[in-house]
Amino acid sequence: MSLGPAEWQALLLTARLAAATTAVLLLLAPPLAWWLAVTPSRWRGPVAALVALPLVLPPTVLGFYLLLALGPSGPLGALTQALGLGTLPFTFTGLVVASVLYSLPFAVQPLEAAMAQVGRRSLEVAATLRTGPLAAFFWVVLPQVRRALVAAGVLSFAHTAGEFGVVLMIGGNIPGETRVASVLLYDLVEALEYERAHALALALVLFSFACLTYVYSRREAWGIGVAALERR
Amino acid sequence: MARIALWMLCLLPPLAWGETARVAVAANFAATFATLADRFAATGHHRVVASPGATGKLVAQILHGAPFDLLLAADEASVDLLVARGRVRPQDRYVYAEGILVLWSADSRRSPSPELLQDPALQRVALPNPRHSPYGRAALAALGRLAPGRGDLEHLYGESVAQTLVFVERGGAPVGFVALAQVGDAGGVARGSGYLVPAAFHPPLRQTAALLERGRRNPAALAFWEFLRGAEARRVIEAAGYRRGEAG
Amino acid sequence: MSGPRVALRWVRPGFRLEVDLALPDRCLTALTGPSGSGKTTLLRCIAGLERADGRVEFRGDVWQAEDRFLPPHRRSVGYVFQEASLFDHLDVAGNLRFALKRARRRPPLLDFAQAVALFELAPLLSRRPATLSGGERQRVALARTLLVAPEWLLMDEPLASLDAQRKRDILPFLERLQARFALPVLYVSHDLDEIARLADHLVVLDRGQVVAQGAPADLAARLDLVGALGEEPAGLVEGRVADRDGRWHLLRVNFAGGSLWVRDGGQALGERVRLRVLARDVSVALSPATDSSILNRFPARVEAFADDVHPALVLLRLRAGQEGEGAPFLARLTRRSLHALGLRAGRTVWAQVKSAAVLE
């Protein structure tokens, strides 16, 4: 049982997609999680629900709406075309956008839990030490949730690597561009190539297992971040 | 070592001296297309890569902006739709093959036949979802002719002929309707056992190729478009288990 | 230089804080009052952690006015929180350096080594906050606050979360602080001992209003403030050690209008001390009873009385000395004794003091 060029291509593409998605999420999730952790706004509930939606929605629903919104006749599609970016569905960039939304709760929730633990008090203490809110976020809040940040990154990466439904809807199964490992696996099964399918599936299982082992082995130290994930 | 080099080649962006065309391929034609792609690559610098799927889904993706150069559909109606929507010029289409429907069993001793469909012991038959698979619609019509009294027969729908094949192969149904090219070739059914459904029992499976907007600007797509209509491609297609399409 | 001026209004459903204070510069002002009286809120408003309406002025700088609101990080306050506020992700040295890096005023109040020495932090420098005791944490927090070079120190019950022993450990640091830096300090506390020991000026807050301010000893003996100044009414007396009786281990402390024998705590002759005398330890007689076990008695004049917590009890305000010219005391009597003795304001009596504590 070994992996052929098509499988390696798909696995590498998967890794690239997961890495890009994780990078975007690590930029996007901390401020959002912080806002959710400390805001007294009445919009907190709806926004938190929106972030958590991908946990309960079939990925195809998300994919479907993204297809409509980002497609040539969708509002966002019109925008990206006007900006000269073309349309995003069926491109690698489009997959990154979709994966970011799809994996958002996996990045935001552990961070939010850890940040709620850190709380506003840290920010107040920092303020009385001549540290403004932005600097305090970088030098006080983020360092205190660094373990949750690693957890968020690993989970985002693993979750993105395992996604299928969204990619199927807006990916288009293009080798080297959008044919990630899970989609190739589907193709292999349909072509009755069980040998190759086994090898690829096993690679995915081992990878996901390694990621989760990493996260859960550190649950003591990571405390509430992982606990929040387990509550689901 | 050679193997590693091969992987590396696949990871590289399309090489400077050749172009790549992206082809949306109906699931039933995926295996045949792989042979065609190899032969095509041997003729020049260009490459084609396949995105296999159910025809209906591929058309939906094209309508939403999927970057395909060519479509090899399982039917004619899908291309009609694309022409009507202005995505394909009327002259940029032709029937590249006519599909042959098979009632198939994974068991080589079962030898499916019209009689089998009448047997009350048979409770379930697999077929592609007629909603988005031309083979599914053909299978439904064939069932009307082969087993008119079997309203009780349970239908197990696959997403495409490819998934239908997996269902039957894995025992989800004792028999199912698939394409001949999936389970055999011009010489007949090679894997398991099957019954070739007469063409008269269903609307013809006029598998239509279309040159899409993007493909008109892509040298690789245009080259493959020519190749597909040539004598060599036609031999490959017929050998794979399709009836001859329109003359090129 | 004028001291801080604070005129603030902060209103929330069910609570209104409204104060107008001019505080003395370069001394420690204690802020006290029952819980829920708005002490912490006032401190937070001054620091800019809460947004109140009004004006905050410090040595000529306007921190807050109608058209102006300096955010907390731009006000030169140092803030010591009630509970641990150290950054968990940094060790003790890291916490101190965090403040040092952000100090604006030059020259600083003290440098790193001085802070470590003053608060005896050398053995703790590489420890994580989670591994420190409550007292150690507050020492680090104090050092960190000073390292940021504040011009006005705000302390919110910095000892409240500590047990008695730890409090005794920290108090000397606070006293040193005051002696060394001559910063204005606003110190929230509801512990009269702490206040008596540290404060030069006392502000009493009740239900969001300033009900009294002045010297701690004057306020402690005010009958109308008894409820606001802690659970156990007591008088505060400033005195000087006048005599030592080695045989009985006693010290005589002279104060305006009299003197008291107290347990010998090792103070030097001539040292200034503050005494706390609980109202329940003071009784009253019409003649000097020498056959009692009570050691301390001196003439005093009855100034006023007020209801106490129970209808059977009354609180008396006394002033030491035949003419009532000396230090104020509080005494707790039964209403029946009051009646039996026929006490009224202006009457001279003998005050008998069962015990007095030297605040050290």
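## A bridge between chains A and C

Let's start with one pair of side chains: Arg121(A) and Glu83(C) form a salt bridge, and their closest N and O atoms are 2.4 Å apart. Keep in mind that this is a predicted model. Counting across the whole boundary between chain A and chain C gives 2 salt bridges, and there are also 6 residue pairs in polar contact, with both partners at pLDDT 80 or more.

Which parts of chain A face chain C? Helices α5 (92–128) and α6 (133–144) of chain A each bring at least two residues to the side that touches chain C. Of the elements on that side, α5(A) gives the most, with 7 residues.

## How much chains A and C cover up

The size of an interface is often given as the accessible area that is lost when the parts come together. For chain A and chain C, that buried area is about 1800 Å², with 61% of it on carbon and sulfur atoms.

In terms of residues, 17 from chain A are in contact with 22 from chain C.

## Where chain B meets chain A

Now for the other partner. Chain B and chain A bury about 2200 Å² between them, and carbon and sulfur atoms give 62% of that area. The contact involves 27 residues from chain B and 28 residues from chain A.

How many salt bridges cross this interface? The count for chain B and chain A is 1. Arg22(B) and Glu177(A) pair up in a salt bridge through their side chains, at 3.6 Å from N to O. You'll also find 5 residue pairs in polar contact between chain B and chain A, again with both residues at pLDDT 80 or more. On the side of chain B that touches chain A, at least two residues each come from α1 (2–11), β2 (47–53), α3 (55–63) and α7 (161–169) of chain B.

## A greasy patch on chain A

Back on chain A, have a look at four leucines: Leu76(A), Leu79(A), Leu83(A) and Leu85(A) make a nonpolar surface patch of about 410 Å².

One of them, Leu79(A), sits in helix α4 of chain A, which spans residues 75–82. Why does Leu79(A) count as partly exposed? Because its relative accessibility is 48%, and the partly exposed class lies between under 20% (buried) and over 50% (exposed).

Note on methods:
Residues are numbered from 1 along each chain as its sequence is written. Chains are lettered from A and ligands numbered from 1 in the order in which they are written. This is a predicted model: local features need pLDDT of at least 70, side-chain atom pairs count only at pLDDT 80 or more; totals for chains, interfaces and linings use all residues. Side-chain values use heavy atoms; hydrogens and water are left out. Patches are made of residues with over 30% relative accessible area and no salt bridge: like charges are joined within 9 Å, nonpolar side chains (Val, Leu, Ile, Met, Phe, Trp, Tyr) within 5 Å. Accessible areas come from the Shrake-Rupley method with a 1.4 Å probe; for residues, only the protein chains shown count as cover. Helices (H or I, at least four residues) and strands (E, at least two) are DSSP runs, numbered from the N terminus. Buried means under 20% relative accessible area, exposed over 50%, partly exposed in between (1.4 Å probe, protein chains only). Contact means heavy atoms within 4.5 Å. Buried area is the accessible area (1.4 Å probe) that two parts lose on being put together, summed over both. A polar contact is a pair of N or O atoms within 3.5 Å; within protein, one must be able to donate a hydrogen and the other to accept it, and residues adjacent in sequence count only if both atoms are side-chain atoms.
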